Amino acid sequence: MPQRLTEPLIRSPGGELVPASWPEALGAAAAGLRRSVSSHGPSSFGAFSCSKATNELNYALQRFARTVIGSNNIDSCNRT
């Protein structure tokens with residue numbers, strides 16, 4: 001598809017989406033998570049995993065949420 005994204009985009013200070021490198025985009029995402037957790041606390045973060053993902057991926061997500069973020073707000077579609 002011609003309109004498919006081929007590189008990450010980050011929001012500039014002016015509010016427009018601009019192309020960025022992967023390290024720059026991941027740094028911006030990490031900074032946003034840090035900002036949110038420091039402003040609103042770790043309980044403001046939640047994670048939702050998929051039952052079609054591997055056990056290893058679901059485990060990695062819950063470890064990230066609990067260890068890095070400090071949140072126990074983790075859920076999955078496999079219990080519904």
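In which helix is the place of Ser39? Ser39 sits in helix α1, which covers residues 22-40. The legends below describe a predicted model.

**Figure 1. Overall view of the predicted protein.** Two helices and four strands make up the secondary structure of the protein. Along the sequence they follow the pattern β-β-α-β-α-β. The radius of gyration is 16 Å, well over the 12 Å that the globule rule gives for 80 residues, so the protein is more spread out than a compact globule. Taken along the principal axes, the C-alpha atoms fill a box of roughly 40 × 35 × 20 Å. Of the 80 residues, 18% count as buried. Among contacts between residues at least 6 apart in sequence, 42% join residues at least 24 apart.

**Figure 2. Confidence of the model.** The average pLDDT of the protein is 92, and 98% of the residues score at least 70. Confidence is highest in strand β2 (residues 17-19), with a mean of 96, and lowest in β4, with a mean of 88. Where pLDDT is low, predicted coordinates should not be read in detail.

**Figure 3. Helix α1 and its two ends.** The 19 residues of α1 should span 27 Å at 1.5 Å a residue, and the end C-alpha atoms are 27 Å apart, which agrees. Ser21 caps the N-terminal end of α1, with a side-chain oxygen 3.2 Å from the backbone nitrogen of Glu24. Just after α1, Gly41 takes a positive phi of about 90°.

**Figure 4. Ser39 in α1.** Ser39 belongs to helix α1. Its relative accessibility is 53%, and because exposed means over 50%, Ser39 counts as exposed. A polar atom of the Ser39 side chain lies 3.0 Å from the backbone oxygen of Arg35.

**Figure 5. Helix α2 and its buried residues.** Helix α2 covers residues 55-69; at 1.5 Å a residue its 15 residues should span 21 Å, and the end C-alpha atoms are 20 Å apart, which agrees. The buried residues of α2 are Asn58, Gln62, Ala65 and Ile69. These buried residues pack against α1, β3 (47-49) and β4.

**Figure 6. Ser76 in strand β4.** Ser76 is found in β4, a strand of residues 74-76. With a relative accessible area of 11%, Ser76 is buried, because the cut-off for buried is under 20%. Leaving aside neighbours within four places in sequence, Ser76 is in contact with Phe48, Ser49, Cys50 and Ser51. The strand that holds Ser76, β4, has the lowest confidence in the protein, at a mean of 88.

**Figure 7. Cys50 and Cys77.** How many disulfides does the count come to? The count is zero, a disulfide being a pair of cysteine sulfur atoms within 2.5 Å. For Cys50, the nearest cysteine sulfur is that of Cys77, 4.2 Å away, and Cys50 is in no disulfide. Cys77 is likewise in no disulfide, its nearest cysteine sulfur being that of Cys50. Cys50 counts as partly exposed, at 35% relative accessibility. Cys77, with a relative accessible area of 27%, is partly exposed. Cys50 is also one of the residues in contact with Ser76.

Notes:
Residues are numbered from 1 along each chain as its sequence is written. Side-chain values use heavy atoms; hydrogens and water are left out. Buried means under 20% relative accessible area, exposed over 50%, partly exposed in between (1.4 Å probe, protein chains only). A polar contact is a pair of N or O atoms within 3.5 Å; within protein, one must be able to donate a hydrogen and the other to accept it, and residues adjacent in sequence count only if both atoms are side-chain atoms. Contact means heavy atoms within 4.5 Å. pLDDT is the predictor's confidence in each residue, from 0 to 100. The expected span of a helix is 1.5 Å times one less than its number of residues. The radius of gyration is taken over C-alpha atoms; the globule rule is 2.2 Å times the number of residues to the power 0.38.
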